[in-house]
Amino acid sequence: MRIGVRITGLAILPILLTALVAASVALYQKQALQKFFAQEIERHARSEAQKIAQDVYLMCRAAQEATQITINNNLRVAEFVLEQAGGVTFSAPHVAWEAVDQYTHQHMPVDLPRMLVGDQWLGQVDSFEQGAPIVDKVSDLVGGTATIFQRMNPQGDMLRVATNVADAQGRRAIGTYLPARFPDGGADPVVAALLKGETFHGRAFVVNAWYVTAYQPIWNTAGTEVVGALYVGVKQESLESLRRGIMDIIVGKTGYVYVLGGTGEQRGTYIISQDGRRDGENLWDEVDAEGHPFIREIVEKALTLQKPSRGPRVPVEFVRYPWRNPGEAKARHKVVAIAYFEPWDWVIGAGYYETDLRDSQFRLQAAMNRMGYWTGLTAVLMMLLAVPAGYFVAGGIRNRIDSILTSVEEVLIVTDPHGRIVLLSKPAEELLGASLHELIHRPLEHVISHPQLRNCMVKALEQAHGGTRFDVEVQDGGATRIMEGRTSLIQTRVGTAVGMIFILHDVTGERAMDRMKSEFICTAAHELSTPLSSIIGYSELLLNEKDLPAQTGQEALAYINKKSWALSRIVNDLLDLSRIELGREIPIEKEPCDLNELLREIEIFGRNLTQKHRFVLELPDQPLRVTVDRGKMEQALENIVSNAIKYSPEGGSITIRALGETDGALIEIRDQGIGMTSEQTLRVFERFYRADTSTTAVEGTGLGMSIVKHVVEGHGGKVWVKSRRGEGTQVYVKLPWNREDGGKG
């Protein structure tokens, strides 16, 4: 009996030991993997917050540069208006002013000679109900604010004698002055530049707010002394699209982006808060749940960040602190990615709660716990059922792993420390051309047939560290695919490498889109530079040539106006594209409209663009009443007509036809141009797509027809194109009847 027991024990003991060892190893690996994936989740969350902070920085930089360009152009307009009015002179008698320092608000009486523009005194207009010379005309032409300064004294203090900048009481801020020195004794950079005879461009404090500005010195008649200054600017906070874009960003699950002031009076003050609810509130002395002044730490860290180069790499710091919202029982830790936009003194924070990650961590932990449960159950069953049960348990485990791998849509390859295959997803098996059963425990370099892919993966194994990224081109059935590879090192609790995870993702489409976007940026830059060069050239002609014939000057102004509208259309296309990219619909405000009247205006628009083409307008006798956004529909139809002109370089007729049908109004615009192939016709509504991208191609950004499609579909209609190469193109737009339209006519 004892021998039987011993034999039975010896037979069962190896199975028991195997089960115990397997269970122990599985539990150990569970902890390592759980820790690894938890770190990956946290790293990914920090990476997302960092990218968002960097993206907001780049948004601010783009807005600043675009606004400054506009301001500089506005200054040229203001200078022109001032010169046309006759220039600046001074005359008796003197005028008494109660000058107010815009920083300290201290009053100082001063007598100055009257400042004349031409033969008109600027007066002392402090009410917006009464018009002010020069400055109101500049604002009417270009928008924003404008001011004329008169120099008060040899130190260079500049007094506002004509302005449409409002003070705290809502009146014109005349009588306030820009001191040559700050209250702390430092030189004001604006006045310093003016006294040197230089034009100042940039951010400056104006009366009671920060503006994006340009200041130009005004010289005396002899040109020997600066006697005043001409200013134009817009409020920094008036960039509403940028503010709304920042407030719309969500970090993680419940996080958000905010902006604080960095220095001076706005230090620690909310400039942009969550949904704008706390804008203007000062948080400098705010403390976290442990009494630590975290806002000070955020601002101080931001101010230590180095100014980035022109590249996309923006330095970012992180701050972690406990925070308890009103109504919460206990504090939660919050992580903030910080960037500093120095030109506007903006501290950008992209914050999220660590509890937002708990759902993923709980799911991971639950999955690991389930794995541990089933592993322990398997060990018990192995002990109870010995060898027969082991077979079924192994089958069950194998099926579960297969299910997990089958659900993975990317190429997933897991190796052991020696570079031998351990796990493969279904896409990985398809890539390697063999199953996991055939390849398990085989060295990785022996199963990868693609040389470039094999070299990259073997090199990653030799380096034995995670986080490696690489791109390779893989031939698949005659087609070339671009695969992006990422590696992660599998480590034990003590940091020992136990394997490597390779994830390959097909990024062919993404790379193609990146190339298309790069081509689009080059095209857009060309499209913008062409009208800008013309505007600058003609405006310099008008500024420098005083004795131009009236007809030549009028032609130059007409050309500048035409090119300005071309710029406006490009900018509107870019704005519409940004809305589409962000997943937001183009705003449409519908109103009743006679389609016949609109098409007559489109015909006039086309005639003004070309002298080579003949326009044919075929409209029904009765009005076609539809409910549309007239401005957006006019933009869409102008795009179609512009294309008809551009792609009919030899001239010919362009027919604009409309008729009422049972289900809506049909518009047809037909040209006799170069036409398109069937492939080009299918792609004509793609963003960035241009049918001809050669060096002799027709100018264009590739956005027009994409925006046309969004506008028409936003009205519930549809647009389609028919074309044959060499035989012209027909564009059809169908707009549905509205209930209030009452059908045709």
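Analyst: The largest nonpolar core in this predicted model has 61 residues. Those with the most contacts inside this core are C60, I148, I246, W346 and I348. Helix α1, residues 2-84, gives the core its largest share, 13 residues.

Take C60. Its neighbours within four places in sequence are left aside here. C60 is then in contact with L242, I246, F341, W344, W346 and I348. I246, W346 and I348 are also among the residues with the most contacts inside the core.

V711 leads on to a pair of helices. It is one of the residues of α15 that make the contact with α13. Helix α13 covers residues 630-646, and helix α15 covers residues 704-714. Their axes come within 9 Å and cross at roughly 145 degrees. The crossing is left-handed. From α13, the contact uses K632, M633, Q635, A636, N639, I640 and N643. From α15 come G704, M705, I707, V708 and V711. By class, seven of these residues are nonpolar, four are polar and one is charged.

Now a lysine. K334 lies in strand β14, residues 332-341. K334 counts as buried because its relative accessible area is 3%, under the 20% cut-off. Its side chain makes a polar contact with the side chain of Y256, at 3.3 Å. With neighbours within four places in sequence left aside, K334 is in contact with Y256, V319, R320, Y321, G351, Y352 and Y353.

Conventions: Residues numbered from 1 in each chain as written. Predicted model: local features only at pLDDT ≥ 70, side-chain atom pairs only at ≥ 80, totals over all residues. Heavy atoms only, no water. Axes fitted to C-alpha atoms, helices over the stretch in contact; angles between N-to-C directions. Helix = DSSP H or I, 4+ residues; strand = E, 2+ residues; numbered from the N terminus. Left-handed = near helix turned anticlockwise from the far one by under 90°. Contact = heavy atoms within 4.5 Å. Nonpolar A, V, L, I, M, F, W, Y, C, P; charged D, E, K, R; others polar. Buried < 20%, exposed > 50% of the residue type's maximum accessible area, 1.4 Å probe, protein only. Polar contact = N/O pair within 3.5 Å; in protein donor to acceptor, adjacent residues only side chain to side chain. Core = buried A, V, L, I, M, F, W, Y, C linked by side-chain atoms within 4.5 Å.
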